[in-house]
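Here is a short report on side-chain contacts in one protein model. Look at the structure first, then read on.

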Amino acid sequence: MKKILLPIDFSETSDNAFVYAIEMAKIFKAELILLHTFDLPIVDSQSLPVNYAVIYETIELTNFDHFKEKMPQLRTIAEGRNLNHIVMSHILMDGDLVYNIKKVVKQESIDFVVMGTNGAEGWLDSFLGTNTGAVISDVSVPVLSVPKGTKFSKFENIAFTTRFRKKDIEALVKVLLMAKKLRAKVKCLHVKTSDSDVNTDTINRWKSHFDDEENLQFFIIPSDDVKQTIEDFLVTQDIDLLAMLTYKRNFFVELFTNTTTQKLSYHLKTPILAFHE
């Protein structure tokens, strides 16, 4: 991992995500790139008899000034964590956030994106919000989503949900490589529903790929309530990070939009690492 991208919007939520991003940059000895985007207005020059180029320039300068004011604050956060040696650069762009993230990921050869998620609804509702959900759907690199108010702590236990498909093997390999850098254990969870077509032979063949992994545990829990089972697992296993392969986004939305999640959202503050299918 060489480059980490963090979109920022000068909010407390993005400040919080900055802590995760810079800590990850330390662990992986990566460069941290900060991206701020803003929208330029559509100006009707016929109804507004002014030079709209001046309007655009004013908005750009205002955003640049905000960015200049924010950078010392972020460097202060970094110094407070003894991370002022991390290489940081910044990019200021106008236009759609998701489009610009995709553009920067390609142009800068970004390996990893960290995003803060907002919303009073709490955990995972904000994760599925327009920006984060769209980034996860459209960006090919892993995306770490950090819920508002989550405080950074050492990653000791990482959960990885699987349906024992071939494509999950590659994702779990990536999770294990990351876990070794983080010195964390990986707890692989499969929620076996009553209509599941996953049999014992499939599970054993899949698990055989990881016979030599000492810090990997498998948990197969029978339940028809997949959502609640995952949430309970995060609590009972002291999970610090939930890693998932996105599959189709409609599955992701269906998995996490329910009243139970909304009720637990005020207690669960688990960052989510999403790998694109």
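The text below covers salt bridges, aromatic pairs and a charged patch.

This is a predicted model, in which local features need pLDDT of at least 70, side-chain atom pairs count only at pLDDT 80 or more, and totals for chains, interfaces and linings use all residues. Residues are numbered from 1 along each chain as its sequence is written, and side-chain values use heavy atoms, with hydrogens and water left out.

## Salt bridges

Side chains of opposite charge can pair when their charged atoms come close. Here a salt bridge means a side-chain nitrogen of Lys or Arg within 4 Å of a carboxyl oxygen of Asp or Glu. The count by this rule is five salt bridges.

Where do the partners lie? Helices (H or I, at least four residues) and strands (E, at least two) are DSSP runs, numbered from the N terminus.

Take lysine 3 and glutamate 108. Lysine 3 sits in strand S1 (residues 3–7), and glutamate 108 sits in the loop between helix H3 (97–107) and strand S4 (112–117), so their pair ties together parts that are 105 residues apart in sequence. Relative accessible area sorts residues into three classes: buried is under 20%, exposed is over 50%, and partly exposed is in between (1.4 Å probe, protein chains only). Lysine 3 is partly exposed at 22%. Glutamate 108 is partly exposed too, at 26%.

Next come glutamate 23 and arginine 81. Glutamate 23 belongs to helix H1, while arginine 81 is in the loop between helix H2 (52–80) and strand S3 (88–94), so this pair ties together parts that are 58 residues apart in sequence. Glutamate 23 is buried, at 7%. Arginine 81 is partly exposed, at 33%. A network of salt bridges links Glu23, Lys26 and Arg81.

Glutamate 170 and lysine 174 share helix H5 (residues 166–182), where they are four residues apart, about one turn of the helix. Glutamate 170 is exposed, with 53% relative accessibility. Lysine 174 is partly exposed, with 41%.

## Aromatic pairs

Rings of Phe, Tyr and Trp (its six-membered ring) pair if their centres lie within 6.5 Å; planes under 30 degrees apart are stacked, over 60 edge-to-face, and the rest tilted. How many aromatic pairs does a search of the whole structure find? It finds seven. One of them joins phenylalanine 152 and phenylalanine 155, edge-to-face, with 5.8 Å from centre to centre and 90° between the planes. Phenylalanine 155 is buried, at 4% relative accessible area.

Phenylalanine 219 and phenylalanine 233 are also edge-to-face, because their ring centres are 5.1 Å apart and their planes meet at 70°. Phenylalanine 219 lies in strand S8 (residues 216–222) and phenylalanine 233 in helix H7 (residues 226–236), so the pair ties together parts 14 residues apart in sequence. Elsewhere, Phe164, Trp206, Phe210 and Phe218 make up one aromatic cluster.

## A contact across the sequence

Serine 14 is in helix H1 (residues 12–28). Serine 14 is buried, at 6% relative accessible area. Serine 14 and valine 114 are 100 residues apart in sequence, and 9.4 Å apart in space, C-alpha to C-alpha.
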